[in-house]
Amino acid sequence: MKNILVTGGAGFIGSNFVRYLLRQHPDYHVVVFDKLTYAGNVKNLLDVHDDPRYTFVRGDIADKHMLADTLRAHQVDTIVNFAAESHVDRSILEPDAFIHTDVVGTYVLLEAARQFGLERVLQVSTDEVYGSIPVGFFKEGDPLEPNSPYSASKAGGELMVRAYHETYGLNTVVTRGSNTFGPYQYPEKVAPLFITNAIEGEPLPLYGDGMQVRDWLYVEDHCAGIDTALHRGAPGEIYNLGGGNERHNIQVTKLILQLLGKPETLIRPVADRPGHDRRYALDCAKLKALGWAPTKDFETRLAETVAWYQQNDWWWRPIKSGEFKAYYRQQYGERLAAG
Ligand code: NAD
Ligand code: DAU
């Protein structure tokens, strides 16, 4: 029996991962530990709510007492750490929470794992720690050159993971995932923002020239990659985890509009994101050697995702009418007016 603590399990990838774990490993007990920030949502986990193998605890990973109580109470042997502030644009507006959770929170978590002698800690990291790459593909040994407060805080947390492995022998694994999309993604990120704006007939604020490149990864494939690294990854190792679907932002934007039967006149070019990374691309041979591979092609997965948002407006409409409105005004108000 494995008792797995999934921190940040009420967020986008975390909640999909909880479902994935319960499906793939019927003998595991999963404890979600989540602060429920603006991005955390218990509705993401409604379908596992009554599963006896699932427990929810509300807590902050930077709160060492709460964390210790939870590890003890549920005899946790493994942690998968999704908990983070995850949106680049918010990190540019207000970096504080990013340092609190992504750096300090990760440290507190590692310290608890060390004290409790846990079997393994998997840190969910990001391809953004490498910075931008004009041509070629990042490999795991490449230097880290993060460019936003978000990616710098993720790099800081990750380096602390490395230190806990090297110094204390903690059994750690790191995954560096690429741009993820799918059901239950908070509609501040470009895919769900553009899909839901288009459904509502609102403009799609495309940054700069729209020629930035992201490598798109479907959320199920991301979950499968984390599961592979968790069970088959070597101690102290890092694994790139990308979908192999490089697309320009403008291509993705046009495809979303096409799938929804909406006009391209909804595209609104706006002022670029400061420090905007031009291109991310990963060499994922190391994880593939452990048996992981993405499943369906990007266009099929995007169509499935668009259909999910069309069919599940009960989920995103309340989000977009709450705190989100103030954020949207702050982030896009002047840009859209100027555009
Ligand atoms: P998300 O913003 O949807 O969810 C983050 C979750 O963490 C929320 O449920 C939130 O309540 C929780 N949380 C935040 N601060 C916390 C704290 N101090 N203590 C406990 N819980 C806290 O994020 P996501 O997109 O699902 O990303 C999950 C992880 O994957 C993050 O670590 C992110 O850096 C990484 N990642 C994301 C992507 C992507 O494209 N979304 C790609 C690669 C890596
Ligand atoms: O690469 C992995 C990372 O992907 C994760 O670590 C982050 O948590 C996740 O948020 C994501 O970061 P990005 O900054 O790449 O994602 P975002 O959806 O914010 O933006 C994707 C691209 O779309 C990026 O080039 C910026 C652009 N964009 C974004 C928004 C929100 C726009 O043009 N307009 C927008 O309104």
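**Pocket and Ligand Sites in a Predicted Model**

Trainee: What amount of space lies in the largest pocket?

Mentor: The model is predicted, and the figure is computed from its protein atoms alone. For the largest pocket, the space comes to about 290 Å³.

Trainee: Which element gives the most to the lining of the largest pocket?

Mentor: The lining consists of 19 residues, and E140, E158, R162, R176 and I238 lie nearest the centre of the pocket. Two or more lining residues come from each of α5 (149-168), β6 (172-177) and β11 (237-241). By class, the lining divides into seven nonpolar, four polar and eight charged residues. With six residues, the element that gives the most is α5.

Trainee: Which residues come nearest to ligand 1, and what share of its area does the protein bury?

Mentor: Around ligand 1 there are 29 residues, of which I13, D34, S86, Y150 and K154 come nearest. A polar side-chain atom of D34 is 2.6 Å from an oxygen atom of this ligand, while an N or O atom in the side chain of D60 lies 2.9 Å from a nitrogen atom of ligand 1. Taken alone, ligand 1 exposes 830 Å², and the share of this that the protein buries is 97%.

Trainee: Which element gives the most to the shell around ligand 1?

Mentor: At least two residues of this shell come from each of α1 (12-24), β5 (120-126) and α5. The shell as a whole holds 11 nonpolar, 14 polar and four charged residues. With three residues, the element that gives the most is β5.

Trainee: What share of the area of ligand 2 does the protein bury?

Mentor: The shell of ligand 2 has 26 residues, and T126, D127, Y150, R273 and Y332 come nearest. Oxygen atoms of ligand 2 lie 2.7 Å from an N or O atom in the side chain of T126, 2.8 Å from a polar backbone atom of Y207 and 2.6 Å from a polar side-chain atom of R273. Taken alone, the ligand exposes 680 Å², and the buried share is 95%.

Definitions and conventions. Residues numbered from 1 in each chain as written. Chains lettered and ligands numbered in written order. Predicted model: local features only at pLDDT ≥ 70, side-chain atom pairs only at ≥ 80, totals over all residues. Heavy atoms only, no water. Near = heavy atom within 4 Å. Polar contact = N/O pair within 3.5 Å; in protein donor to acceptor, adjacent residues only side chain to side chain. Areas by Shrake-Rupley, 256 points an atom, 1.4 Å probe, with all protein chains shown as cover. 1 Å grid on protein atoms, 1.4 Å probe; cavity = no way out; pocket = protein on both sides within 12 Å on 5 of 7 lines; lining within 4 Å. Points joined across faces, edges and corners; volume = space filled by probe spheres on them. Helix = DSSP H or I, 4+ residues; strand = E, 2+ residues; numbered from the N terminus. Nonpolar A, V, L, I, M, F, W, Y, C, P; charged D, E, K, R; others polar.
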